[in-house]
Each structure stands twice: as structure tokens, then as C-alpha cells.
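User: Hi! I'm new to this one, could you walk me through it?
Analyst: Happy to, let's look at it together.

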Amino acid sequence: MTMLTPELAARFAELTLGHVGRPWPFKLDQVLTGPEDVVAPAVLHPAFHGSFDWHSCVHGWWQLMRIARLFPDLPEAAAIRQRADATLTAEKLGGERAYLDRPGTNGFERPYGWGWALALHHELERHDELRWADAMRPLAEAFAARFMVYLPKLTYPVRTGTHGSTAFALILALEWADARDPALAALIRARAVDWFGGDLRAQAWEPGGDDFLSATLVEAVLMARVLGARFGAWFAGFLPDVGKGEPATLFLPATVSDRSDGKIAHLDGLNLSRAWCWFVLADAAGMPGLRDVAMRHLDAALGHVAGDYMGEHWLATFALLALGAGTAALPPQG
């Protein structure tokens with residue numbers, strides 16, 4: 001089984017250090033309220049103006065900081081810490097927080113970027129040096145407050161394989177909330193049960209042409225985190241034939257026809273995120289054979305993390321998710 005090795009971690013770090021500060025091309029998520037809003041991305045987003053778009057820059061930083069923590073002796077880890085000292089500052093992250101007070105930003109990066117912002121702060125708080133986490137805290141708390149307003153009025157979950165996914169964002173948010181915000185954690189659990197608790201016999205009509213998440217599997221991972229010991233019974237109703245390899249579409253890696261097309265390149269991310277989900281579910285459901293399915297998806301995509309900027313600016317994050325889950329799933333040695 002492929003594991004997260006220092007060599008792979010160094011390669012991911014090298015790739016991501018090359019784009020978290022790269023200003024162009026950049027895709028803004030912005031509502032223009034007047035001509036004065038037409039300014040460079042680096043003005044609007046002092047910390048997160050690289051990696052093609054805001055959310056990719058945020059989770060690129062999550063990836064870098066996790067690598068620096070797991071492999072602190074890598075030369076790349078020293079470069080990461082140096083770059084963090086220049087980027088993850090109170091002044092620059094304060095500018096990111098101030099952006100949320102601008103008119104027309106209620107839907108900014110909702111919910112994908114919100115979840116990744118909380119995940120980044122959670123990762124930063126795992127470091128011995130807390131200056132980066134302290135600088136990030138006001139921004140993370142602002143997104144947590146947005147979740148508290150948004151989730152009660154979201155009558156229906158967004159069941160998609162792209163950035164609107166409710167389940168994926170809540171996986172990220174719940175880990176943050178469990179550590180520091182009991183009210184948000186309780187709300188996430190309650191809403192997850194409201195939306196997904198009665199789901200039976202998932203049809204798994206996927207993948208869509210530009211999915212990078214499995215709507216079916218991220219829902220299952222969220223419910224594994226929410227239900228704990230009750231998850232086995234829920235999963236047996238949700239995917240009752242998983243032991244037979246059905247629905248078959250969940251077991252077959254997606255085909256990527258053009259990696260220079262940013263939307264079609266999403267399908268490499270789908271294979272990586274499915275690998276992550278299958279590793280998690282193998283443990284949560286007590287079905288170790290699902291690790292083979294995870295490996296099939298991982299092998300289909302890992303060689304394509306680099307090569308074209310449309311994938312290169314974000315795929316390593318999902319490779320790190322998958323490899324980290326796969327390493328955690330390995331049996332003890334010796």
C-alpha cells in the first residue's frame with residue numbers, strides 16, 4: 001500500500017510552494033458593487049491571492065502546514081515556515097477578515113472555502129508555534145459564525161460533487177468545532193441527522209462531468225463522524241450492497257480525457273477524494289476490503305498531481321488527504 005512518505009511530502013510541498021504566492025492567473029469570487037471594487041486580487045486578499053482561486057490557496061496552506069508538522073526536518077518544511085511567517089500574519093489575515101465586512105460577501109466561498117478556512121486554523125493550532133494560529137483565529141471565528149447563521153436556514157442540503165457540497169464542508173467544520181465550539185458542533189450534528197439520517201439505498205448517480213467529490217461517499221464520511229457507534233446500522237441501509245461492489249459506479253475510477261481543461265481535470269480530484277473516503281469508510285464500517293477500492297482510485301490519479309496548472313494548483317491537497325488516511329489505515333508493523 002502506498003503511504004505518505006517524506007519523498008512524496010517533499011514533492012507536494014515543492015509544488016504548492018510554487019503556487020500559493022503565484023498571483024496570476026486568478027479567479028475571483030466577488031460581487032462588484034462599484035468601480036472602486038475593480039482592484040488586483042492581492043489587494044482584496046492579502047494572504048490568499050495565489051493558487052488560481054481563494055479556496056485553493058487556503059487549502060494549499062493547509063497542505064503545506066500539515067507537511068511541515070508531519071515532516072519537520074525536510075528542507076521544504078523550513079521553507080514553509082519561512083513563507084508562513086511572511087504570509088500568515090495578523091496584518092494580512094486581518095485583511096482577509098476585513099473582506100468579509102464588504103457588501104455582497106455573504107455568499108463568498110460558501111461553504112467550501114468556509115470549511116477549508118476552519119481546517120487551516122485547526123491545523124495551525126496543532127503546531128508548537130502558535131503565532132500563525134493566533135493570527136488566523138479571527139478569520140476562522142468569522143466563518144464559524146457564518147455557519148451558525150447559514151445552517152439553520154438551509155432547508156435542503158446541497159448534494160453535489162463540487163464546491164457547493166454541504167457534507168464535505170461540514171466534515172471540515174466539525175473537526176474544528178469539536179475542538180473549540182460546542183454550539184457549532186451540536187448544530188452540525190443535528191443538521192446532518194436532519195438531512196441525511198433517513199437516507200436509504202443511495203443510487204450514486206455519479207460521477208458528473210466536473211465532479212471532484214463523490215456526493216455519495218462524502219455524505220457517508222460525514223455520517224461516520226456524526227453517528228459514531230451508530231454508523232454501522234446507518235451505512236448498512238445507505239449502501240446495502242457495498243460488500244458486493246455495488247453501486248458499481250462508486251468502485252470504478254473516473255476517466256479524465258483532458259487535464260488542461262480545468263473542469264474535466266476535476267475528475268482526478270474525484271479519484272483522490274474517493275480514495276480518501278474509501279480509506280475512512282473501510283475503518284468506520286469495519287470493511288477492510290474497501291481499502292483495495294481506495295488504492296484503485298489512488299493509483300488512477302496520483303501520477304497526475306503535477307503536469308498542468310489546472311490540476312497542479314490544487315490536486316496535491318486531495319492526494320495528501322488520501323495518503324494520510326491510507327497511512328492511518330495500515331496495520332501496525334512488527
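This is a predicted model: local features need pLDDT of at least 70, side-chain atom pairs count only at pLDDT 80 or more; totals for chains, interfaces and linings use all residues.

User: Is R191 buried or exposed?
Analyst: R191 is buried, with a relative accessible area of 13%. Here buried means under 20% relative accessible area, exposed means over 50%, and partly exposed is in between, using a 1.4 Å probe and protein chains only. Residues are numbered from 1 along each chain as its sequence is written, and side-chain values use heavy atoms, with hydrogens and water left out.

User: Thanks! Which side chain does R191 meet in a salt bridge?
Analyst: That is D194, at 2.9 Å from N to O. A salt bridge is a side-chain nitrogen of Lys or Arg within 4 Å of a carboxyl oxygen of Asp or Glu. D194 is exposed, with a relative accessible area of 53%.

User: How are R191 and D194 placed in helix α9?
Analyst: They are three residues apart in that helix, so about one helical turn separates R191 and D194. Helices are DSSP runs (H or I, at least four residues), as are strands (E, at least two), and they are numbered from the N terminus.

User: Which pair links distant parts of the chain?
Analyst: Take R159 and D199, which form a salt bridge with their closest N and O atoms 3.0 Å apart. They are 40 residues apart: R159 is in the loop between α7 and α8 (166-180), and D199 is in the loop between α9 (182-196) and α10 (215-227). R159 is partly exposed, with a relative accessible area of 47%, whereas D199 counts as buried at 18%.

User: New topic, the backbone. Where is a cis peptide bond?
Analyst: One joins E206 and P207, with omega about 5°. P207 lies in the loop between α9 and α10. The bond from R110 to P111 is also cis, with omega near -5°, and P111 is in the loop between α5 (90-99) and α6 (112-124).

User: Which residue has a positive phi although it is not a glycine?
Analyst: R201 does, at about 45°, and it lies in the loop between α9 and α10. A204 is another non-glycine residue with a positive phi, near 55°. A204 is in the loop between α9 and α10, and it is buried, with a relative accessible area of 7%.

User: Last one: how many cavities of 30 Å³ or more are there?
Analyst: The count comes to one. A cavity is a set of points on a 1 Å grid over the protein atoms alone where a 1.4 Å probe fits but cannot get out, and lining residues have an atom within 4 Å of a point. The largest cavity has a volume of about 40 Å³, the volume being the space filled by probe spheres set on the points, which are joined across faces, edges and corners.

User: What lines the largest cavity?
Analyst: Q30, V31, T33, D37, Y99, R102, P103, G104 and T105.

Conventions:
On a 1 Å grid over the protein atoms alone, a cavity is a set of points where a 1.4 Å probe fits but cannot get out, and a pocket is an open set with protein on both sides within 12 Å along at least five of seven lines; lining residues have an atom within 4 Å of a point.
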